[in-house]
Amino acid sequence: MSGIEANFDGLVGMTHHYAGLSTGNEASMNHRGQESNPRKAALQGLMKMKALSEMGLVQGVLPPQQRPNLPALRQLGFTGSDEQVLNQVARYSPLLLSHLSSASSMWTANAATVSPSADSADQRVHFTVANLNNKLHRSLESVTTSRALKATFSDPNHFVHHDPLPQHADWGDEGAANHNRFCGEYGEAGVQLFVYGRKAWQEDTAPTRYPARQTLEASQAVARLHQLEETRTVFAQQNPVAIDSGVFHNDVIAVSNRNVLFHHQQAFLNSQAVLAELREKMARLGQSLITVEVPTEQVTLRDAVESYLFNSQLLSQPDGNMMLVLPQECRNHPNVSAYLQALMAEGDSPINKLHFFDLRESMRNGGGPACLRLRVVLNEKELAAVNPATLMTPALHQRLATWVERHYRDSLYAADLADPQLLNEVYVALDELTQILKLGSIYEFQR
């Protein structure tokens with residue numbers, strides 16, 4: 001059966017702030033303590049969703065988390081009214097309050113790993129929610145993420161939802177940010193590439209400056225849960241040099257679409273062996289792998305991290321041509337801009353269109369276009385089973401933009417997170433959002 005790739009973007013939450021919580025993510029660390037604009041951040045993300053939908057692509061929306069996370073704070077022993085809890089934690093540790101107020105769920109590339117029915121033995125779409133246990137603020141997302149995914153993809157005849165892997169460093173799982181899939185047509189069987197940063201149970205090459213968040217063992221577990229054949233899976237180690245340069249996930253150094261891999265020369269350890277295995281397993285399916293490798297001499301790892309060139313979305317347009325959706329920073333970076341101009345001048349490149357977006361608020365916190373979306377390959381019956389209220393239309397964009405304008409602040413510092421009025425604003429807004437997206441009771445409001 002024919003298929004499509006839908007992109008489900010995370011809606012930026014109302015507590016979007018710059019706290020520098022993500023060690024290894026240099027943009028996040030470099031903007032610590034600066035003023036953020038949650039309203040602008042949400043509207044920038046919505047504009048990208050609207051534009052891609054208008055291009056004929058299937059675009060969905062996933063909700064933000066409830067933040068500040070009052071249930072977690074109460075679990076840690078803070079008591080009393082909501083206002084008293086906020087006052088207590090603000091006095092005890094403003095940093096803890098920041099962790100439990102993070103809007104990082106906006107980057108839904110980390111929400112889960114998704115395998116389409118064409119690849120799974122039971123012919124259903126499989127979701128494994130990422131445990132994100134390398135970072136405190138992200139490790140608290142899985143419960144609500146699971147609820148949101150189940151409310152969006154609810155039909156058990158088509159969708160299978162797996163719990164996160166155990167919350168231990170040996171099973172560190174960062175979701176689709178370390179996962180790519182290669183195929184001919186979306187609805188055909190494909191080869192899945194799982195990229196890991198380190199092996200948990202054996203000595204091996206590993207980064208020394210920044211943490212390797214994904215383990216091989218976690219990637220293997222997800223492949224087992226999704227009932228994938230060994231002949232159609234590849235496990236590749238990310239280059240430790242790249243991780244130590246600020247490439248904290250594979251989607252900051254490589255991106256794929258159908259049978260095309262767009263990647264940096266230094267993306268993978270033992271790159272030639274990885275590409276050879278991909279080609280061999282694609283050939284068994286009667287498909288060829290096309291690689292667009294960016295040489296270090298043209299774009300350095302530093303250039304890639306500064307511009308987020310590879311954190312772009314590589315998309316098939318309705319006419320079959322491929323387009324890169326890039327952050328505006330790529331256009332402004334001399335080396336990256338020069339490379340992209342040369343790429344467009346090539347007559348035989350599979351990528352023949354560029355589209356730039358202003359995502360500055362997200363970029364300053366360390367997330368580009370690809371961070372903001374979760375790819376879900378669906379056939380016609382599966383698409384019909386998706387919660388229709390979450391699929392982008394002109395009417396939904398207008399309703400969500402109006403909702404953002406009404407509820408979001410245009411300025412936020414970390415110190416503002418202790419404001420009980422902000423918490424009340426979040427409660428009111430999220431209650432309304434669940435009705436707009438018809439999500440049911442996915443939050444744990446306590447008053």
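How are α16 and α17 oriented to each other: roughly parallel, roughly perpendicular or roughly antiparallel? Before the answer, keep in mind that this is a predicted model. Two packed helices are described by the angle between their axes and the distance between the axes. For helix α16 (residues 394–407) and α17, the axes cross at roughly 170 degrees and come within 11 Å. Angles over 145 degrees count as roughly antiparallel, so α16 and α17 are roughly antiparallel to each other. On the α16 side, the residues in contact are L396, R399, L400, W403, R406 and H407, and they meet E425, V428, A429, L430, E432, L433 and I436 in α17. Sorted by class, that contact has eight nonpolar, one polar and four charged residues.

Now turn to another partner of α16. Helix α2 (residues 38–54) and α16 have axes that come within 10 Å and cross at roughly 175 degrees, so α2 and α16 are also roughly antiparallel to each other. Here α2 brings R39, A42, L43, L46, M47 and K50, while α16 brings H397, L400, A401, V404 and E405. The class count for α2 with α16 is seven nonpolar, one polar and three charged residues. If you're clicking along, look at L400: this residue of α16 shows up in the contact with α17 and in the contact with α2.

Back to α17, which has another helix to pack against. Helix α4 (residues 82–92) and helix α17 (residues 420–436) pack at an angle of about 125 degrees, and their axes are 9 Å apart. The residues involved are D82, E83 and L86 from α4, and P420, L423 and Y427 from α17. This contact between α4 and α17 has four nonpolar and two charged residues, with no polar ones.

Next, the empty space. Rolling a probe the size of a water molecule over the atoms shows where empty space is left. The largest pocket holds about 370 Å³. It is lined by 21 residues, and the closest to its centre are N69, P71, A72, Q75 and L140. At least two lining residues each come from α3 (70–75), α6 (136–139) and α7 (142–152), and α7 supplies the largest share, with four. By class, the lining of this pocket has 10 nonpolar, seven polar and four charged residues.

What about cavities? Searching the whole structure turns up seven of 30 Å³ or more. The second largest cavity has a volume of about 180 Å³. Of its 15 lining residues, E5, H179, R181, R375 and V377 are the closest to its centre. Strands β6 (179–182), β9 (254–257) and β15 (373–379) each give two or more residues to that lining, whose classes are seven nonpolar, four polar and four charged.

Last stop, the backbone. Most residues other than glycine have a negative phi, and most peptide bonds are trans. A cis peptide bond joins R67 and P68, with omega at about 0 degrees. P68 sits in the loop between β2 (59–62) and α3. R258, although not a glycine, has a positive phi of about 50 degrees, and R258 is in the loop between β9 and β10 (260–264).

How values were computed. Residues are numbered from 1 along each chain as its sequence is written. This is a predicted model: local features need pLDDT of at least 70, side-chain atom pairs count only at pLDDT 80 or more; totals for chains, interfaces and linings use all residues. Side-chain values use heavy atoms; hydrogens and water are left out. Axes are lines fitted to C-alpha atoms, for helices over the stretch in contact, and angles run from 0 to 180 degrees between N-to-C directions. Contact means heavy atoms within 4.5 Å. Ala, Val, Leu, Ile, Met, Phe, Trp, Tyr, Cys and Pro count as nonpolar, Asp, Glu, Lys and Arg as charged, and the others, Gly among them, as polar. Angles under 35 degrees count as roughly parallel, over 145 as roughly antiparallel, 65 to 115 as roughly perpendicular and the rest as oblique. On a 1 Å grid over the protein atoms alone, a cavity is a set of points where a 1.4 Å probe fits but cannot get out, and a pocket is an open set with protein on both sides within 12 Å along at least five of seven lines; lining residues have an atom within 4 Å of a point. Grid points are joined across faces, edges and corners, and a volume is the space filled by probe spheres set on the points.
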